[in-house]
Amino acid sequence: MGVVRAGDDPAAIAAAAELLRAGQLVAFPTETVYGLGADAFNGEAVARIFAAKGRPADNPLIVHVADEGGARAVAGAWPSLASRAAAAFWPGPLTLVVPRGPRVPDIVTAGGETVGLRVPAHPVALALMRAFAGPLAAPSANRSGRPSPTLAEHVLQDAMNVGTILDGGATDVGLESTVLDVTGEVPLVLRLGGVSLERLRAVFGAVEILRREDAGAVARSPGLRHRHYAPRARVEVVAEGEGERARARATGRVALIVRREVAGPDVFVLPADAEGFARELFAALRRMDGLGYERVIVEAIAEEGIGAAIMDRLRRAAQG
Ligand code: TXA
Ligand code: MG
């Protein structure tokens, strides 16, 4: 378990940086979801992340840095696409996959030749990295297979071996960062997330998207191998407006997630706009697990803007 401390307390930040120097884990807020951080250059500390989460060793971690200079110090090379992406989207919910540098331990990259890097847009995350004065390896601060935490209390719920949890309140985006491989000629999206395809295309023109069924997909995006974002209840995604009909067909304890008023029990109304929906989705899925639903029916959302990332997460959750 961990001690929850106010993320805006300078003494809490200093104490957390001290724990990181001692090789311990610190959970901290970012604008996407909470991260579970350790000294990225300390392989033993990073091993504690994998143990705490029950994370498969073949899934690499994102390294968080305070600015582009910090990213270059971790990377083995800095492609021009990386500079363009950093200028357009950092700090922000975009992770750049670039060649790894020599100081990055194998455990961070899962033995791969690339490293994922990101500058989070959150004052607590940035203050922590400045106090620690080094890069932090940090996956989402949930047990492997559970929805990512968007509140400090979600980190506590997952009962991991965390030294301290810096509480920064609810995260702003609510879904994880977009992961973009910039090692090739054309940027390749490995995971949809907080920076939409539309925004990427506005900067880069052409952008490719890795599909699960593409040759070599798992080698480039090891996260595809694993079950993700899964609540305990079985998730079913139905077309917009089909929620009540699906509920009538279903058996057992069923919850319905919609973006409009629906009569009847066990209805969770989330914000109608995609940003608001993204912000509250993971918390809603966790709440439903706590209430013991066996089944969750969610109405689909248009795949525009962050809607595409929402649908990606819902489909993965539904794969069960
Ligand atoms: O918003 C986020 O990205 C949050 C916050 C804490 O920054 N972090 C996060 O980390 O979601 P995690 O570990 O839950 O997801 C990281 C994803 C995984 O799918 C992993 O496979 C992929 O990024 N990834 C990390 N390094 C990679 C690399 N070198 N090559 C390809 N994929 C990589
Ligand atoms: Mg995760």
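**Note on the predicted model: backbone, helix packing and the ligand shell**

1. Ala133 sits in the loop that runs between α6 and β7 (136-137), where helices (H or I, at least four residues) and strands (E, at least two) are DSSP runs numbered from the N terminus. The phi of Ala133 is near 60°, a positive value in a residue other than glycine. Most residues other than glycine have a negative phi, and most peptide bonds are trans.

2. This is a predicted model, in which local features need pLDDT of at least 70 and side-chain atom pairs count only at pLDDT 80 or more, while totals for chains, interfaces and linings use all residues. Residues are numbered from 1 along each chain as its sequence is written, chains are lettered from A and ligands numbered from 1 in the order in which they are written, and side-chain values use heavy atoms, with hydrogens and water left out.

3. Helix α1 (residues 10-21) packs against helix α6 (residues 123-132) at an angle of about 55°, and their axes are 9 Å apart; axes are lines fitted to C-alpha atoms, for helices over the stretch in contact, and angles run from 0 to 180 degrees between N-to-C directions. That makes α1 oblique to α6, since angles under 35 degrees count as roughly parallel, over 145 as roughly antiparallel, 65 to 115 as roughly perpendicular and the rest as oblique.

4. Helix α11 (residues 274-290) and helix α12 (residues 307-319) also pack with their axes 9 Å apart, at an angle of about 30°, and α11 and α12 are therefore roughly parallel to each other.

5. Of the 25 residues around ligand 1, those that come nearest are Thr32, Arg55, Asn59, His64 and Ser177, a residue being near if one of its heavy atoms lies within 4 Å. The shell divides into 11 nonpolar, 9 polar and 5 charged residues; Ala, Val, Leu, Ile, Met, Phe, Trp, Tyr, Cys and Pro count as nonpolar, Asp, Glu, Lys and Arg as charged, and the others, Gly among them, as polar. β6 gives the most to this shell, with 4 residues.

6. Oxygen atoms of ligand 1 have polar contacts (pairs of N or O atoms within 3.5 Å): a polar side-chain atom of Ser177 lies 2.5 Å from one such oxygen, and a polar side-chain atom of Arg118 lies 3.1 Å from an oxygen of the ligand.

Notes
Polar contact = N/O pair within 3.5 Å; in protein donor to acceptor, adjacent residues only side chain to side chain.
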